[in-house]
Amino acid sequence: MTCYAGSEAYVYLDEAHNIGAVGKTGRGVCELLGVDTANVDIMMGTFTKSFGSCGGYIAGSKELIQYLKYTCPAHLYRTSISPPAAQQIISAIKVLLGEDGSSRGAQKTCQNS
């Protein structure tokens, strides 16, 4: 994991209310503000809001994710996402990207940016 400028602090971004709704293509606040996601150590989001499903994600370095898997009690008690919930997320992403053949995703993100 990397720390910046000797601060021994990590950049953590909560995208729960942004992902799928903010930025030109719905990629969140980094896209909106022109911040390279490589400069964010830990990114968290949910699939419940813009994606109309359940669950969420934590993104970061391989080392960080491995650390979380081995040290977080919640990981031991988690359940896998169901196939219908995963398909809902995939379908919502396709709408955002215009891969559904419509411009609905672009219209929605344009309203929020």
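What follows is a short tour, from the whole chain down to a few single residues.

**The chain as a whole**

Keep in mind that this is a predicted model. The chain holds five helices and three strands, and if you read along the sequence they come in the pattern β-α-β-β-α-α-α-α. Taken along the principal axes, the C-alpha atoms fill a box of roughly 45 × 35 × 20 Å. Of the 113 residues, 26% are buried. The accessible surface comes to about 7,600 Å², and carbon and sulfur atoms account for 58% of that.

As for the contacts between residues at least 6 apart in sequence, 49% of them join residues at least 24 apart.

There's also a database note: UniProt, in an unreviewed entry, lists residues 8-92 as "domain: Aminotransferase class I/classII large". In the model, that span is 34% helix and 15% strand, and its end C-alpha atoms lie 37 Å apart.

In soluble globular proteins, nonpolar side chains tend to be buried together. Which residues form the largest nonpolar core here? There are six: Ile19, Phe47, Phe51, Ile89, Ala92 and Leu96. A second, separate core has five residues, among them Leu13, Cys30, Val40 and Met43.

Leaving aside neighbours within four places in sequence, Ile89 is in contact with Phe47, Phe51, Ser53, Cys54 and Ile81.

Is Leu96 buried or exposed? With 16% relative accessibility, Leu96 counts as buried because the cut-off for that is under 20%. Beyond its neighbours within four places, Leu96 touches Gly20, Thr25, Phe51, Gly105, Ala106 and Thr109. Thr25 is 71 residues away from Leu96 along the chain, yet their C-alpha atoms are separated by 6.6 Å.

Ala16 is in the loop between β1 (12-14) and α1 (29-33). A relative accessible area of 9% makes Ala16 buried. Once neighbours within four places are set aside, its contacts are Met44, Gly45, Thr46 and Lys49.

Asp41 lies in the loop between α1 and β2 (42-46). Asp41 also counts as buried, at 11% relative accessibility.

Ser61 is in the loop between β3 (56-60) and α2 (62-71). Where Asp41 is buried, Ser61 is partly exposed, with a relative accessible area of 31%.

**Apart in sequence, and in space**

Here are the C-alpha separations for the residues we've visited, next to how far apart they are along the chain.

| Pair | Apart in sequence | C-alpha to C-alpha |
|---|---|---|
| Ala16 and Gly45 | 29 residues | 4.2 Å |
| Leu96 and Thr25 | 71 residues | 6.6 Å |
| Ser61 and Asp41 | 20 residues | 7.2 Å |
| Asp41 and Ala59 | 18 residues | 8.2 Å |

Conventions
Residues are numbered from 1 along each chain as its sequence is written. This is a predicted model: local features need pLDDT of at least 70, side-chain atom pairs count only at pLDDT 80 or more; totals for chains, interfaces and linings use all residues. Side-chain values use heavy atoms; hydrogens and water are left out. Helices (H or I, at least four residues) and strands (E, at least two) are DSSP runs, numbered from the N terminus. Buried means under 20% relative accessible area, exposed over 50%, partly exposed in between (1.4 Å probe, protein chains only). Contact means heavy atoms within 4.5 Å. Accessible areas come from the Shrake-Rupley method with a 1.4 Å probe; for residues, only the protein chains shown count as cover. A nonpolar core is a set of buried Ala, Val, Leu, Ile, Met, Phe, Trp, Tyr and Cys residues joined through side-chain atoms within 4.5 Å. UniProt positions are given in the numbering used here, feature names are shortened, and annotations may be inferred rather than shown by experiment.
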